[in-house]
Amino acid sequence: MSISVLRPGLLTTFQDHGRHGLQHVGLCPGGAMDPVALSLANALVGNDAHEVALEMTVIGPELSFESDTLVAICGAEFKGGFPHNRPVLAPAGSRFNVGRALRGARAYLAVAGGFAIEPVLGSRSTFLPGGFGGLEGRPLRHGDVLPLRNPSASARFASLKKTRNGSVRWSAPPLTLPDREPIVVHVLEGQHYGSFEVNAQRLFFDAVWRISPESNRMGFRLAGPTLVRAQDDEILSGPTCLGTVQVPANGVPIALMADHQTTGGYPRIAEIVSADVPRLAQLAPGGTVHFVGCDLGMAAQLRHHMKERLQTALRGIAWNFGQ
Amino acid sequence: MARTTLRPLAIIPLGDCAAYIEFSDKLDLEVNAVVQRLATVIQARELSWIRDVVPALGGLALHIDPDHPGVDGDSLQWAANIVNECLKESLVESKKMPRLLDVPVCYAPEFAPDIEEVANRTGLSAEEVARRHAAGDYRVLMIGFAPGHAYIGGLDEKLSVPRRASPRALVAAGAVAIANDQTVVYPYAISGGWSVIGRTPLTIFDAGRAEPSLFATGDRVRFHAISKEEFLEMQV
């Protein structure tokens, strides 16, 4: 049993929660850009959180389902009319065009029982720069056939209470979608914050930054004022992290995202807190962000808060599945 | 003698899931060696709250699982504690000799687009650039930037050239390049700003291998010149 790809969409890749423990050989964890939405999508079809799903970017794929398949889409809202944030049974022989994202940039399509994709270095995530993981290390193409690992898991749908038209009455809350822009993202001062001109420090927090079109899973380039350093000494290359904001000599900051480099030689002006990275990942090129400073205590609080909201949503979903 | 009583200059949060323990903001080979030993000692403890220990040129990063029940938002303190604890242990130089990697490099002009420029800058002939590069005794100082991408120290002072003003959009996989006092081998075709003086037929990073990365931090490295014919033969 499988799903066929009629049109691949802009950038559709297999992603799970990534591969940890390999940064010392230069490999970042990678994985879903919005892991919160991925966890919700998996829960909505009764999967474990670590199951692999399709990450769809800005323009979704068109898919055809060979058998009755329990599916959930979470994250960005796409135009295609497929109900989001709830379990849906795609009937055998049905075709579905996910369409274009209306709000947010990335959504996850999970199927009950998961996809039959072999893990590479402990993860099924596609790592595009290295060309491995997921489906042959590449985005989906027209004609791809995506095998399901355990198609019988779609029978879980039968256990859910449904309305007369056969759909469930409830939905999970979208936890990472921007209500309005610019979105507010919290940052800690980076190691080299103090080496920037006072005016650049002020501009970093005052400006509304726009995600530039030259952005991808490795990093978001931020269009706005040019950030100038007070000294232009070379910086010893050092470790970077998901959410590091580095500023090359041209003064245009880059926020490092899921497929980031593990070390870098550019000055690091800020570090985005982990709780806010999934929300930033939901900005498409042209989307806007405003940075607000915080300390480690607040970063921990924001993380707790996001985790609690996710746990609450997951409990609600599990309750509906009668677990 | 190796300084084993090094203290961190600073412990800097890399967001709320990692900390950078900085020992030097300049490249110092002695400090780099201590950083590598410290990383080995921390790694050997197999602590469940540490996801990764990344030794870098002048310090190391600890990537921390912020959801680990013990850590609970206090990652920086936990990082500081484990570093200080491990520093108290003697970080004596391991008796085990580091692994020696012998890397074949073809310095033929078609694989060395920048060797003439390096020759001009250094006043050496292209042949002499290749000879000196292959004569060195090197050490892997850090792996980073891309999977398997090793920063290798020990370059002949005579070969020191600055990074190129404009990076090449695409450098070939296996390209051997130099800048300042280091040499690198590009793991796959990516953009790069170092001067390319040769190419190795070896696969630098292969996710399907038991040890995906050819290089490990601390390895000793030697390069030896091969002909174009040998290169093509060795290339699978």
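Residues are numbered from 1 along each chain as its sequence is written, while chains are lettered from A and ligands numbered from 1 in the order in which they are written. Because the model is predicted, local features need pLDDT of at least 70 and side-chain atom pairs count only at pLDDT 80 or more, whereas totals for chains, interfaces and linings use all residues.

Chain A is divided into domain 1 (2–175) and domain 2 (183–305), the bounds being those of an automatic or database domain assignment. The C-alpha centres of these two domains of chain A lie 29 Å apart. Across the boundary, 19 residues of domain 1 of chain A are in contact with 12 residues of domain 2 of chain A, a contact being counted where the C-beta atoms of two residues, placed from the backbone, lie within 7 Å. On the domain 1 side, two or more residues are given by each of α1 (35–44), β5 (69–78) and β8 (101–111) of chain A, and the largest share, four residues, comes from β8(A). Here helices (H or I, at least four residues) and strands (E, at least two) are DSSP runs, numbered from the N terminus. By class, the side of domain 1 of chain A that touches domain 2 of chain A has 11 nonpolar, six polar and two charged residues; Ala, Val, Leu, Ile, Met, Phe, Trp, Tyr, Cys and Pro count as nonpolar, Asp, Glu, Lys and Arg as charged, and the others, Gly among them, as polar.

Strand β17 (residues 268–272) of chain A is largely enclosed by the rest of the structure, because five of its five residues are buried. A residue is termed buried if 20 or more other C-beta atoms lie within 10 Å of its own, exposed if 12 or fewer, and partly exposed in between, with C-beta atoms placed from the backbone. Strand β10 (residues 183–189) of chain A pairs with β17(A) in the antiparallel sense over three bridges, and strand β14 (residues 244–246) of chain A likewise pairs with β17(A) in the antiparallel sense over three bridges; pairing requires that DSSP find at least two bridges between two strands. In β17(A), A:Glu271 is the bridge partner of A:Leu188 and also of A:Thr244.

A:Leu296, in helix α4 (residues 296–320) of chain A, counts as partly exposed because it has 18 C-beta neighbours inside 10 Å. Leaving aside neighbours within four places in sequence, A:Leu296 is in contact with A:Leu188, B:Pro13, B:Asp16 and B:Leu76.

Between the chains, 39 residues of chain B are in contact with 32 residues of chain A. On the chain B side, β1 (10–13), β2, β3, β4 and β6 (138–143) of chain B each supply at least two residues, with β3(B) giving the most, five residues. The residues of this side divide into 24 nonpolar, 10 polar and five charged.

Within chain B, strand β4 (residues 59–64) is mostly covered, six of its six residues being buried. Both faces of β4(B) are covered, with B:Gly59, B:Ala61 and B:His63 on one side and B:Leu60, B:Leu62 and B:Ile64 on the other. Five bridges join β4(B) to the antiparallel strand β2 (residues 18–22) of chain B, and B:Ala61 is the bridge partner of B:Tyr20. Five bridges also join β4(B) to strand β3 (residues 50–55) of chain B, again antiparallel, with B:Leu62 as the bridge partner of B:Val53. A hairpin through three residues joins β3(B) to β4(B).
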